[in-house]
Amino acid sequence: MRALTLWLAAGVILCAAGVRPAAGEPVRFDGERVVRVMVHSPQQLAQLLSMTDDVWSEGATSGPIDVRMTPEQFAQLQASGLKFVVLIEDVQAAIEAERTPPERGGFFDHYWSLADNIAYLESLVALRPDLAQMFTAGTTLEGRDIRGIRITAAGPGTKPGVLVHGAQHAREWISVPVVMWTADKLIREYDTDAYIRSLVDNLEWHLVPIMNPDGYVYCWTTYRMWRKNRSYDAATGCYGVDCNRNWGFGWGGPGASSSPCSAEYCGPEPFSELETQAMRDWILTHPNIRAYVDLHSFSQVIFYPYSFGDVWPPEPDRSDYQYVVGHMAEMVHDVHGLSYDYGRGLDVVYQVSGASRDWVYGSAGRYAIGTELRDTGAYGFLLPENQIIPQCEEYVPALMWYADYMATPQRLTSPNGGETLTSGTPTTITWYTHGGTPTSVDLYLSIDGGVTFPYTIATGEAPHGSYSWFVTETLSTRCRVKLVVHRADLTSGEDVSDADFTIVGGPQRVYNFPLDTDPGWTTEGQWAWGDPTGSGGDPQVGYTGNNVYGYNLAGHYTNNMPRYNLTTTALNLSNVTGSQLRFRRWLGVQNANYDHAGIEISTDGVTWNSVWEHTGASINDAGWTLQAYDISAFADGQSTVYIRWAMGTTNASVTYCGWNIDDVEIWGVVTQPQWA
Ligand SMILES: [Zn+2]
């Protein structure tokens, strides 16, 4: 997205970002603007930064840079020759337009103070104490607790954990309701939404809406545009360390400032700040936390490590991350149509050192992503309240998907329930694994809904994400597959299909009438079982063996004939699906305007349905041909099925040899009622 060259030299000081406003009334920003300035060289960047004290872009690089300016600074810009567009005409007006009277609408129609957010979390705990508890990760310099909510069904500490926090940067308010919305949905929809329930049952959620409460409160009381925490540097008189430059991975490199007055001040040493210490220790003391999300605004980007320099996560993590952020961006886009960029932090955001994601992934070994939420600059940090709900609607589903996907050590993805597989045919068992070093996998089959797994599909297979399986002959409607993943550096883990799937047999011959012996079917007129004579166009012998069923084994049918039938005995197809009639035909019959032949089916011997009826020109077979008819609509699952071949009616002139049939078979897929 933006070029990577970071021209912000350590000596460039964003001095006023650390200045103390007077106590009491909130600082006003009357007549101040936010402008997007096109910067093409280090000289132009230095020129811009000499005018203004508040960069809204999360880093000053080449390309467009958003900055806030007083009227005097704006006059300088106009005189400078730098190209720019005005994004916000009056920052004070935007601050006043950001919020609406709190008595209107519900919780997610507004931004709320620290105390109000914590009270809301406590109300969620009160609603479902069986699912949620409050926790305190640490205490700040000004004595505020860094509080969060932990949500999981029974067994905290034993499940894969997820940590999400907002407001590491104080003025990025939209990050707070996104965390709150996540907590709200997990609690309120636990009983009504199967997916939410699985997220709460299978994962342990650690949600901290406001990681930097001192800075957040300062925004509310005094200075809406505050970014850092509220540490004080006596030497300069400047306040605040940028928490997201203070983590101990790549600390103090490019994309951070060593000046205490800078908005990007990295602090005197890694983890010098109580906020970063608290979150670090929370992660280290909760080894089950496997996935982490750090929420910021603005610019609509979802990204993964690293940001400190041109380093990639090793495979398979790199591919996994790239897939995950891309999929999240798709999910976000699907909700309200907004586009979020995605990729590695260094590439799609800016170069930053000492950022939380790099430490959480690079040092603590947990999956970590960051997100810059809405918007792309029209309101910047002052996103109006009427965008809170759309923001939550579009991002939280993607966040939940990420958490579930990345925190889960292994998951069987197919067959995962509901499938119908056919024995003897190949199917692909698929799964994914996250974390550790998988060495091999085992796969087992249950035919009792997962109570026992007596059948081995494969053991010691390479831990790739798929296995090609020729489906077993073991038929059941209550099948599940169990995946067992062995790891070199962690205990092995397993996952089972979420619901039952079915294995049915492939099509097979259910009934076989070779007609070498008489099956005793019901005959009318000149229908007979025996050896055809070869006269009048009839065959000499059967397709197999000598005998067949034929209408007049010694020649033609007759004129002015009624309809005469050959009817099978009752066939039981109650365990069969996809029923098919197959037989060999040697048929002679005049044009259907005059003489008739057909095949019919019945389940009671009274009501008959047509399977085939002779139409059109005469048929005068000179050899045996295989005929196959789908009779599933009438025969599947039926315990008494009759099939009959009809000869006639015929008219007053011209006759043919009539029916000869051999090797009558019924095919279908056999189901096993004992498992039904
Ligand atoms: Zn931020």
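**Second largest pocket.** I looked up where the second largest pocket lies: domain 2 (115-228 + 273-407) and domain 3 (410-505) both give residues to its lining, so it lies between them. The domain bounds come from an automatic or database domain assignment. I note that this is a predicted model, in which local features need pLDDT of at least 70 and side-chain atom pairs count only at pLDDT 80 or more, while totals for chains, interfaces and linings use all residues. Residues are numbered from 1 along each chain as its sequence is written, and side-chain values use heavy atoms, with hydrogens and water left out.

I worked with this meaning of a pocket: on a 1 Å grid over the protein atoms alone, an open set of points where a 1.4 Å probe fits, with protein on both sides within 12 Å along at least five of seven lines; lining residues have an atom within 4 Å of a point. The volume is the space filled by probe spheres set on the points, which are joined across faces, edges and corners.

For the second largest pocket I recorded about 410 Å³ of space. Its lining has 18 residues, and Asp317, Tyr367, His434, Gly435 and Gly436 lie nearest the centre. At least two lining residues come from each of strand 11 (289-297), helix 9 (317-336) and strand 17 (426-433). Here helices (H or I, at least four residues) and strands (E, at least two) are DSSP runs numbered from the N terminus. By class I found nine nonpolar, five polar and four charged residues in this lining; Ala, Val, Leu, Ile, Met, Phe, Trp, Tyr, Cys and Pro count as nonpolar, Asp, Glu, Lys and Arg as charged, and the others, Gly among them, as polar.

**Largest pocket.** I then turned to the largest pocket, which holds about 500 Å³ of space. It is lined by 22 residues, with Pro160, Asn202, Thr408, Pro409 and Gln410 nearest its centre. Helix 6 (194-202), strand 15 (410-414) and strand 22 (493-496) are the elements that give two or more residues to this lining. The lining residues divide into five nonpolar, nine polar and eight charged. Domain 2 (115-228 + 273-407) and domain 3 (410-505) both contribute to the lining of the largest pocket, so it lies between them.

**Arg68.** Finally, I checked Arg68, which is found in strand 3 (residues 63-69). Arg68 is buried, with a relative accessible area of 5% (buried means under 20%, exposed over 50%, partly exposed in between, with a 1.4 Å probe and protein chains only). I noted a polar contact of 2.5 Å between the side chains of Arg68 and Glu32; such a contact is a pair of N or O atoms within 3.5 Å, and within protein one must be able to donate a hydrogen and the other to accept it, while residues adjacent in sequence count only if both atoms are side-chain atoms.
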